[in-house]
Structure formats: structure tokens, C-alpha cells
Amino acid sequence: MGSTQFGNFEHFCRDSTLPVCNVLSDQHDQSGPWGGCELTGIPLGKGKILGNLGSILLCALAIVTSIYLIFRSERKKAAVGRREMQLFLAGYIVISICEIFTVGEFPLSDRVRIAFTGIHLAFIVATTWILMLNAIVGYQIIDDGTPVSLALIAGSAFMLLVGTGYITLDTGFHWTGYWDDSYQAPNRNIALYVLYQLAPLVFLVAFYILEAALVLRVLGESRPMIYLTSAAVSFALGQIFNYVVSRYICDGTSGKIDGALFETLFTLISVVLVWVFWSSITEDDWPMPSGTAYP
């Protein structure tokens with residue numbers, strides 16, 4: 001990607017349904033100067049539609065599934081990183097709730113949609129950060145589940161959440177006017193590009209590498225890598241559907257669905273597989289002595 005293209009959202013918003021597009025559009029929805037295929041949705045009267053119903057239903061399923069996994073985690077009293085994993089799942093629940101109102105085409109007022117978008121983007125960054133720290137927790141540098149461990153994770157995630165949320169809300173509400181040029185093609189916003197597009201990817205890759213090293217080098221096992229790699233592949237498939245295939249799905253279905261539906265589905269599968277992976281490496285028969293830093 002050339003330097004002149006860095007930070008541009010025009011093509012992303014043209015080809016995909018992304019929450020960030022809500023704060024880069026004058027209408028504060030998925031329509032904007034970028035054009036592209038738009039979801040027709042379910043007509044509700046008075047020119048309003050309910051779009052991305054499939055994504056909305058899958059988000060509801062994701063919320064229920066995450067709550068179930070949190071309760072399942074509670075039963076694993078001796079599991080390493082139990083509280084930290086529950087913190088990640090709680091973040092994913094908030095993301096799924098926000099996605100109903102940002103990616104799902106609900107007939108909301110502009111201000112409400114902007115607010116949900118700010119929370120959505122902030123929690124995407126903060127939750128992927130928490131997931132990466134979950135991998136570090138496995139090395140037992142600091143005892144997991146302690147106030148110190150949870151405070152470090154929650155505190156650092158909160159700083160990312162506030163920073164990303166502020167930039168998103170300032171862009172949408174024009175508080176300072178600093179980001180107003182983001183509304184002009186090519187809808188360039190370097191801060192949101194780094195925080196929303198690049199940072200989560202870095203956190204996720206770091207999570208995979210750290211967990212792979214833990215499983216292969218420390219535990220000396222390969223079976224859990226099946227779950228971890230499957231989670232990575234599932235997440236990657238969701239992104240491919242959302243960023244690459246979405247416009248073809250939208251055109252082929254005359255705007256009835258797009259890649260966001262499959263992105264939500266594969267992300268849910270990925271989160272479940274991450275939990276299964278975590279559960280598999282915290283079984284009682286793995287050699288993971290608490291309070292000992294791994295070499």
C-alpha cells in the first residue's frame with residue numbers, strides 16, 4: 001500500500017460494511033461518497049429499513065454463547081487465566097451488542113449510531129489487546145487472577161478504549177473539527193486507520209505467536225495447536241468475506257446480504273475456538289505450575 005493510500009477508508013467503505021464508515025459518512029450510516037452496493041434490507045415504512053438481519057441474529061447468538069462460556073469458565077476454578085479469559089469474553093459481548101446497531105442497519109438517530117460506533121471501535125481495540133495479554137498471562141510472569149494482574153490488563157485496555165473512543169466520537173460529533181477532512185474522499189483518518197485496522201491485527205498475531213510458543217516449547221504438545229490454528233483460520237475467513245468477497249455477495253443478492261454476515265459468523269466461531277484452546281491447555285494434566293515464570 002502506497003503512502004498516499006495509507007489511512008484511506010474510501011475503498012473499504014465502498015466494498016464492505018464496517019462500523020467506522022458510520023462516522024465517515026455525512027448521513028452517519030453505511031451510505032457515503034464512496035458508492036458501492038448498499039443493503040436493501042427489510043422495509044419498515046417511511047423510507048426506513050432493517051438491514052443485515054442475519055448479522056443481528058448472529059450477534060444475539062454471540063452474546064448468548066459468550067455468556068455461556070463465561071459461566072463454563074467459572075467452573076474451572078484452578079484454570080490459569082480464568083478471570084482474564086472472562087474479561088476477554090465480556091469485551092466480546094459488548095462488541096456484539098454494538099455490532100447490532102452499527103453493522104446492523106437499525107433505524108437509529110445519527111447521534112445514537114455515532115455513540116454506538118465509538119463504543120464499538122473502542123472495544124474492538126481494547127478487547128484484542130486483552131486477548132494478547134491473555135497469552136502473556138499463560139507464562140505466569142505475574143500470578144493470574146490477582147488484583148495486580150487484572151488491574152494491569154483492565155487499566156491498559158481502558159486507556160486504549162478511551163483513546164479510540166474519543167477519536168471516533170470527535171470524528172462523528174465534530175467536537176473539535178480536527179477530523180472533519182475525513183469526510184472528504186478518500187475519507188482519510190490515519191488515527192482510526194492505525195487503531196482500528198492495524199493495531200487489532202498486530203495484537204491478534206502476537207497472541208497467536210505467544211500461545212504457539214507456550215504450547216510447543218513449554219508444554220511440548222501439538223494437539224492444542226489444532227484449536228488455535230482453526231481459530232486463526234476462521235477469523236481470517238471472516239475478514240476475507242468482509243473485505244474481499246462482500247461486494248460480490250451484495251451484488252449477487254441484490255443487496256439482501258453482504259460479507260458482514262459471514263464475518264460475524266466466522267468471528268463467533270473463532271472466539272469459541274479460542275475458548276476451547278484455552279480450556280484445553282488449562283486441563284489438570286498439563287505441566288503448568290502456578291507462580292512460576294517460564295523460561
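Figure 1. Cys59 has a relative accessible area of 1%, and because the threshold for burial is under 20%, the residue counts as buried. Cys98 takes part in no disulfide, and the cysteine sulfur nearest to that of Cys98 belongs to Cys59, at 9.8 Å. Cys98 is likewise classed as buried, at 2% relative accessibility. The model shown in this and the following views is predicted.

**Figure 2. The disulfide between Cys13 and Cys21.** The sulfur atoms of Cys13 and Cys21 are separated by 2.1 Å and form a disulfide. The torsion about this S-S bond is about -100°, so the link is left-handed. Both partners are buried: Cys13 has a relative accessible area of 3%, and Cys21 has a relative accessibility of 0%. A search of the whole structure gives two disulfides, of which the pair Cys13 and Cys21 is one.

**Figure 3. The disulfide between Cys37 and Cys250.** In this pair the sulfur atoms lie 2.0 Å apart, and the value of -75° about the S-S bond makes the link left-handed. Cys37 is located in the loop between α1 (10–15) and β1 (42–45), whereas Cys250 belongs to helix α7 (residues 223–252), so the bond ties together parts that are 213 residues apart in sequence. Cys37 is partly exposed, with 29% relative accessibility, while Cys250 is buried at 3%. With the bonded cysteines of the chain numbered in sequence order, the pairing reads 1-2, 3-4.

Figure 4. Ser55 is situated in helix α2 (residues 53–74) and is buried, with 1% relative accessibility. The side chain of Ser55 reaches the backbone nitrogen of Leu261 at a distance of 3.3 Å. When residues up to four places away in sequence are set aside, Ser55 touches Ala260, Leu261 and Thr264.

**Figure 5. Spans annotated as transmembrane regions.** An unreviewed UniProt entry lists residues 49–71, 87–108, 120–142, 148–169, 190–210, 225–245 and 257–278 under "transmembrane region". In the predicted model, residues 120–142 are 78% helix and 0% strand, and the end C-alpha atoms of this span are 30 Å apart. Residues 257–278 are 91% helix and 0% strand, with 33 Å between the end C-alpha atoms.

Terms used. Residues are numbered from 1 along each chain as its sequence is written. This is a predicted model: local features need pLDDT of at least 70, side-chain atom pairs count only at pLDDT 80 or more; totals for chains, interfaces and linings use all residues. Side-chain values use heavy atoms; hydrogens and water are left out. UniProt positions are given in the numbering used here, feature names are shortened, and annotations may be inferred rather than shown by experiment. Helices (H or I, at least four residues) and strands (E, at least two) are DSSP runs, numbered from the N terminus. Buried means under 20% relative accessible area, exposed over 50%, partly exposed in between (1.4 Å probe, protein chains only). A polar contact is a pair of N or O atoms within 3.5 Å; within protein, one must be able to donate a hydrogen and the other to accept it, and residues adjacent in sequence count only if both atoms are side-chain atoms. Contact means heavy atoms within 4.5 Å. A disulfide is a pair of cysteine sulfur atoms within 2.5 Å.
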